Amino acid sequence: MDTDPVINVARWLPRSSVNGPGERFVLWVQGCPLHCPGCWNPETWSFAANRLMAVSEVFNLIGESGPIDGVTFSGGEPFAQAQSLAVLAKRLKRDNVSLMAFTGFELDELMDTERRQLLDMLDIVVTGRFKRAARVEGLTWRGSSNQVVHLLTSRHRGIQFQDAQEKRAEVVISESGSTILTGFPCPDLRRKLQTLNGE
Ligand code: SF4
């Protein structure tokens, strides 16, 4: 029988088309040890409990989000919670869901037993710290040019990367009127939305 470990969740979006191929559920986890200067999500660095959710709860949430092409783990740092996410990934894999993760670690930093548990479940992983000096706008699923998209299975091998032409960012307006910006927006759009949100 599967265990039901807890994931420290930052937030989620039931549907996004800028965080991997197709329409995907995106789970941002809470906590990142890497602290890249210029990170867009510094509020996800703290490992203090934010929203502690059992794997089964997140799994059900994903199931309720309607038809999707896949699930993306982002952060924060997904591999800082590799064991719990691997349990979730294993359950999703049984339903043949495409799985992807963004990580600040390099591929060779993911080879220990714990991180491998998650890595081995993924179809795509995007690796590498965000480097402000290497920032390039318009890269597919990457904020800086040092980051690398690894296709780990044959599932998405036919993908054509058209960096400058990809949809890069989404703005989601919640029922309360607040906005969530996701993807790889230009800094100007980010600043304008922060102003609108009173941040
Ligand atoms: S790895 Fe990602 S979440 Fe962590 S500091 Fe770097 S850019 Fe931010």
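## Helix packing and selected residues in a predicted model

Helix H1 (residues 55–63) packs against helix H2 (residues 82–94) at an angle of about 40°, and their axes are 10 Å apart. Axes are lines fitted to C-alpha atoms, for helices over the stretch in contact, and angles run from 0 to 180 degrees between N-to-C directions. Helices (H or I, at least four residues) and strands (E, at least two) are DSSP runs, numbered from the N terminus. This is a predicted model: local features need pLDDT of at least 70, side-chain atom pairs count only at pLDDT 80 or more, and totals for chains, interfaces and linings use all residues. Residues are numbered from 1 along each chain as its sequence is written.

H1 and H2 are therefore oblique to each other. Angles under 35 degrees count as roughly parallel, over 145 as roughly antiparallel, 65 to 115 as roughly perpendicular and the rest as oblique. On the H1 side, the contact is made by Val-55, Val-58 and Phe-59. H2 brings Ser-84, Val-87, Leu-88 and Arg-91. Two residues are in contact if their C-beta atoms, placed from the backbone, lie within 7 Å.

Now the whole protein. It has four helices and nine strands. Along the sequence, the pattern is β-β-β-α-β-α-β-α-β-β-β-β-α. Of the 199 residues, 34% are buried. A residue is buried if 20 or more other C-beta atoms lie within 10 Å of its own, exposed if 12 or fewer, and partly exposed in between; C-beta atoms are placed from the backbone.

Leu-99 lies in strand E5 (residues 98–102). Leu-99 is buried, with 25 other C-beta atoms within 10 Å. Leaving aside neighbours within four places in sequence, its contacts include Gly-70, Ala-89 and Met-121. Leu-99 and Leu-119 are 20 residues apart in sequence, and their C-alpha atoms are 9.9 Å apart in space.

Two residues have a positive phi although neither is a glycine.

| Residue | Phi | Other C-beta atoms within 10 Å | Class |
|---|---|---|---|
| Asn-96 | about 60° | 8 | exposed |
| Trp-141 | about 65° | 21 | buried |

Asn-96 sits in the loop between H2 and E5. Trp-141 sits in the loop between strand E6 (124–127) and strand E7 (148–151).

One peptide bond also deserves a look. From Gly-75 to Gly-76 the bond is cis, with omega near 10°. Gly-76 is in the loop between strand E4 (70–74) and H2.
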